[in-house]
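Trainee: I would like to work through this model with you, one question at a time.
Mentor: Go ahead, and keep each question specific.

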Amino acid sequence: MAGKHRYVEFRRYPTYEKAYIHAFDRMLETRKANGKEGTWQTGYDVFRWWLDEDFNQYEIGEEFYQNEE
């Protein structure tokens, strides 16, 4: 479960929240370019999963961490 401090930090520094969501968007674009589809549609979906807010999303599998050759 995500610590409460994350919520406080993101309220205090909203630019960081936007940066995380943008980074997650880029991650999803890279995954799609590599032929790895998933359940997430947007960076915000990943952000909510990362904060443990969306329990309906699946976690990243082992294949995400494997280098493609």
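Predicted model: local features only at pLDDT ≥ 70, side-chain atom pairs only at ≥ 80, totals over all residues.

Trainee: Which residues are buried in helix α3, and what covers them?
Mentor: Helix α3 spans residues 43–50. Its buried residues are G43, D45, V46 and F47. What covers them includes α1 and α2.

Trainee: How are the axes of helix α1 and helix α2 oriented, roughly parallel or roughly perpendicular?
Mentor: Helix α1 covers residues 4–12 and helix α2 covers residues 14–33. Their axes come within 5 Å and cross at roughly 105°. An angle from 65 to 115 degrees counts as roughly perpendicular. Therefore α1 is, relative to α2, roughly perpendicular.

Trainee: Which residues of α2 meet α1, and how many charged residues does the contact have?
Mentor: From α1, the residues involved are F10, R11 and R12. They meet P14, Y16, E17 and Y20 of α2. By class, the contact has four nonpolar residues and no polar ones, and the number of charged residues is three.

Trainee: How many aromatic pairs does the structure hold, and what is the geometry of the pair formed by Y20 and F24?
Mentor: The structure holds ten aromatic pairs. Y20 and F24 form one with 6.3 Å centre to centre and 45° between the planes. These two residues are four apart in helix α2, so about one helical turn separates them.

Trainee: Is Y20 buried or partly exposed, and what about F24?
Mentor: Buried means under 20% relative accessible area. F24 has 14%, so F24 is buried. Y20 has 35%, so Y20 is partly exposed.

Trainee: Leaving aside neighbours within four places in sequence, which residues is Y20 in contact with?
Mentor: Y20 lies in helix α2. With neighbours within four places in sequence left aside, the contacts of Y20 are F10, F47 and W50.

Trainee: Which residues do ring pairs link into a cluster, and how far apart in space are Y20 and Y44?
Mentor: Ring pairs link F10, Y20, F24, Y44, F47 and W50 into a cluster. Y20 and Y44 are 24 residues apart in sequence. In space, C-alpha to C-alpha, they are apart by 8.8 Å.

Trainee: Which residue has its charged end over the ring of W50?
Mentor: W50 belongs to the cluster linked by ring pairs. A charged end sits over the W50 ring, 4.1 Å from its centre. That charged end belongs to R6.

How values were computed. Residues numbered from 1 in each chain as written. Heavy atoms only, no water. Axes fitted to C-alpha atoms, helices over the stretch in contact; angles between N-to-C directions. Parallel < 35°, antiparallel > 145°, perpendicular 65-115°, else oblique. Contact = heavy atoms within 4.5 Å. Nonpolar A, V, L, I, M, F, W, Y, C, P; charged D, E, K, R; others polar. Phe/Tyr/Trp six-rings, centres within 6.5 Å; stacked < 30°, edge-to-face > 60°. Buried < 20%, exposed > 50% of the residue type's maximum accessible area, 1.4 Å probe, protein only. Lys NZ or Arg CZ within 6 Å of the ring centre and 35° of its normal.
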